[in-house]
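Here is a protein to explore from the inside out. Take a look at the model, then follow the tour below.

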Amino acid sequence: MRNLTLKQFKTVQAIVSHGKIVNAAKVLGLSPPAVTIQLRQVEEEFQLALFDRTSDGMRPTAAGLAFVEAAQAIEERLRLLEDDMDAIKGVRTGSLRLGVVSTAKYFAPRLMAGFMKEHPDIDMRLAIGNRAETIDRLKNHDIDIALMGRPPKEVSVRASVFGDHPLVIIAPPEHKLVSARDISKERIAEEHFLIREPGSGTRISLEIFLSDVPGRIDDLGVEMGSNETIKQAVMAGLGIAFISAHTIAAETEAGRLVILDVAGMPIRRQWFSVMRTDHVISPAMATFNDFLMRKGATYLPLFGKLYPHAEADEAAPTRQARTPARRLK
């Protein structure tokens, strides 16, 4: 394997990404025969086929996928090496690829702005997606750190808590249950829910909450693709929703949405900073994670009024609780 070159790693990555040798050749600025030679050399080195040649294009074999995983790790390590060299030279620069689940987009830009104000020379990129997409980005080494409600089990990660994440049930102001107090789980389960897609963190939490109501999670509700769509649908009177309190601060303050007083609510989850255990922690990653542990909770929407009536408001927390977490060194 000592005969392998970075050019060969990039060649195989390009074939996987673009499906055909001719397409990979265009991206790499090479001729198709040159790309074929590079691929043949790698396959001869391992005595394994990296691709199945099909009429639809090149499909990576198990060996091909393993090779691409190694290529991504090498590419990541070279980028970190550049950051390390800058740190040794005393240059306060670096790069950070941040991935956040869609619910976190309501505070991630402010959090990034606060961090970049303290560290203006660190280049940051933001990727927003649902939980499954964010986990895939972690798997594929496409992001350095992810912000999400629950650490994934699909990939080995180190996770640190940086703030509380309350989940509530919302309704339009004219809903018949707005004035009700201590609504039981069985009563709220009779309502028509608007829900996120399977795999969404909030949907999983709702399924857990309603799991002891016979037959309820078999027909949970109408699926919608984003929190924004769900909020608009609730305001239009199409149903109620179980949602992150961090996504509805503006609408509740304006009186367009109301939080129902459901027994056992709000459900308090936590926000985590997540990174792969096999990812070498760069200076930029360590600096950002330290910032999260110190100040991350202050960028979460302050949401004290978690109940619709004053007496309940007096009993509700008035600020985000901070949970201690170990800092990365």
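Which residues lie nearest the centre of the largest cavity? They are Val 101, Thr 103, Gly 149, Gly 201 and Thr 202, part of a lining of 18 residues. Keep in mind that this is a predicted model.

How is such a space found? Rolling a probe the size of a water molecule over the atoms shows where empty space is left. Searching the whole structure turns up four cavities of 30 Å³ or more.

Helix 8 supplies the largest share, three residues. Sort the lining by class, and you get nine polar, five charged and four nonpolar residues.

Next, turn to Lys 105. Find strand 3 (94-101) and helix 5 (108-118); Lys 105 lies in the loop between them. Is Lys 105 buried, partly exposed or exposed? Its relative accessible area is 32%. Buried means under 20% and exposed means over 50%, so Lys 105 counts as partly exposed.

What does Lys 105 touch? Set aside its neighbours within four places in sequence. Lys 105 is then in contact with Val 100, Ile 128 and Glu 228. Along the sequence, Lys 105 and Gly 129 are 24 residues apart. In space, their C-alpha atoms are 9.1 Å apart.

Notes
Residues are numbered from 1 along each chain as its sequence is written. This is a predicted model: local features need pLDDT of at least 70, side-chain atom pairs count only at pLDDT 80 or more; totals for chains, interfaces and linings use all residues. Side-chain values use heavy atoms; hydrogens and water are left out. Helices (H or I, at least four residues) and strands (E, at least two) are DSSP runs, numbered from the N terminus. Buried means under 20% relative accessible area, exposed over 50%, partly exposed in between (1.4 Å probe, protein chains only). Contact means heavy atoms within 4.5 Å. On a 1 Å grid over the protein atoms alone, a cavity is a set of points where a 1.4 Å probe fits but cannot get out, and a pocket is an open set with protein on both sides within 12 Å along at least five of seven lines; lining residues have an atom within 4 Å of a point. Grid points are joined across faces, edges and corners, and a volume is the space filled by probe spheres set on the points. Ala, Val, Leu, Ile, Met, Phe, Trp, Tyr, Cys and Pro count as nonpolar, Asp, Glu, Lys and Arg as charged, and the others, Gly among them, as polar.
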